2 protein chains.
Amino acid sequence: MSIQQSHLEQNQVLTSDELLAHWQGHRNLTRKLIEVFPEDHFFKYSIGGMRTFAEMTTELLAIAGPGLKEIVTGQTQEFQEHIDHQNKKDLLLKLWDETTVAINMYFPQIALDSFSKTIKTFGQYEGTVISSILYFIDNEIHHRGQGYVYLRSLGIEPPFFWER
Amino acid sequence: MSIQQSHLEQNQVLTSDELLAHWQGHRNLTRKLIEVFPEDHFFKYSIGGMRTFAEMTTELLAIAGPGLKEIVTGQTQEFQEHIDHQNKKDLLLKLWDETTVAINMYFPQIALDSFSKTIKTFGQYEGTVISSILYFIDNEIHHRGQGYVYLRSLGIEPPFFWER
C-alpha cells in the first residue's frame, strides 16, 4: 500500500494548516478575554475556590509553547506554570504573543506521519500527537469558558465566542 | 493529480473515526456533568444573569443531532432548543442518549470529500463541514466549562476534565 493510499483509507478530515489556524483562532479569543479582564480581578477574582483567570492563563502558557516544542524536538519539557508576572497583564500578554510566534514556527515542523504517533507530553501524559494538540486546545476552551462566567459575574460583557 | 495525492498534499492529520470518538468522548463528559447537577440547580441555578445549565444543555441538544443530520442529508434543519423537559433531568438524559445513537448513525455517512465543502448549518451559519463539527464540539466544551463553575460555586465536585 502506498503512503497516499493509507492516508486516503484512514479517511482524514482535517489539514495541518486548518488545525494550526483553529488553534491560533482560539488563542486569539483567549487573548481578547485577558484584555477585557480588569487587572485586579484578573489576578485576584475567582468563584467557588477555583483558580484566578491569571492562574489559568499561566497554565495555558505552560502547556502551549513547551508542549508543542516537545512534540517537535522530542525533548521532554518541564511543566512550568509559575511565572513571575508581578500582577501585570502586559507581561502575560507579551508572553502570550511570544507563544503565538513560537507555535507558528514549530507547528509546520511536525512531520505528517507523526500526528498518529504515541508520545508522552511533559514526560507523563500519554497520547498521540493529534490527541495531545486537541487536548491543549480543549483545555483552553474549557478554562476560557470559566473566565466567561467570572466576567459575567462581574457585570462585564465578554467577547463573542465566535470571534476568533 | 489523483485523489490520493491531493489528500496527501493537504497534509491531513485527523481521521473521521478519531473525530467521532473525540466528539462522543466530550459528549460523555457533558453527560456526567448533567448527572452530577442536583435537579433543582440544573434547572434554576445560574451566575451573572447567564443561562441555567439546563438551558445550555437544550442548546447542545438542538445543535448536535439536527446539525449533523443537516450535514448528512443536506436538508435544512430548524434550530429548536425549546424542549418540554418538565424540569426532569431524566427526560433530557434520554434525549442525550438518543442523540448519541443518532450521531453514531449519521456520522459515518459523511462523505470523505465533503468535510472541506462549504455549507450553511441551520440555514444561516456558513462554514466547511469540518469547521462546523469542530464548532459544535468547541461550543459544548465552552458551555460545559461554565457548568463546572456553577458546580464549584455550589460546593459540588465536578467530574475530571480528562474523563471522557
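Chain A has six helices and three strands, where helices (H or I, at least four residues) and strands (E, at least two) are DSSP runs numbered from the N terminus. Along the sequence, the elements of chain A follow the order α-β-α-α-α-α-β-β-α.

Please note that this is a predicted model, in which local features need pLDDT of at least 70 and side-chain atom pairs count only at pLDDT 80 or more, while totals for chains, interfaces and linings use all residues. Residues are numbered from 1 along each chain as its sequence is written, chains are lettered from A and ligands numbered from 1 in the order in which they are written, and side-chain values use heavy atoms, with hydrogens and water left out.

The C-alpha trace of chain A spans about 60 × 30 × 30 Å along its principal axes. Of the 164 residues in chain A, 49% are buried, meaning under 20% relative accessible area with a 1.4 Å probe, protein chains only. Among the contacts in chain A with a separation of 6 or more, 70% join residues 24 or more positions apart; contact means heavy atoms within 4.5 Å.

I turn to helix packing. In chain A, helix 2 (residues 16–36) and helix 4 (residues 53–73) pack at about 155°, their axes 12 Å apart. Axes here are lines fitted to C-alpha atoms over the stretch in contact, and angles run from 0 to 180 degrees between N-to-C directions. The two helices of chain A are therefore roughly antiparallel, a term for angles over 145 degrees. The contact involves Trp23(A), Arg27(A), Thr30(A), Leu33(A) and Ile34(A) of helix 2, and Phe53(A), Thr57(A), Leu60(A), Ala64(A) and Leu68(A) of helix 4.

In chain B, the axes of helix 4 (residues 53–73) and helix 6 (residues 129–153) come within 10 Å and cross at roughly 165°. Helix 4 and helix 6 of chain B are therefore also roughly antiparallel. Residues in this contact include Phe53(B), Met56(B) and Glu59(B) of helix 4 and His143(B) of helix 6.

Finally, which residue of chain A does the UniProt annotation "binding site" cover? The unreviewed entry places it on His143(A); such annotations may be inferred rather than shown by experiment. His143(A) lies in helix 6 (residues 129–153) of chain A and, at 7% relative accessibility, counts as buried. Beyond its neighbours within four places in sequence, His143(A) contacts Arg51(A), Phe53(A), Met56(A) and Glu59(A).

How values were computed
Parallel < 35°, antiparallel > 145°, perpendicular 65-115°, else oblique. Buried < 20%, exposed > 50% of the residue type's maximum accessible area, 1.4 Å probe, protein only.
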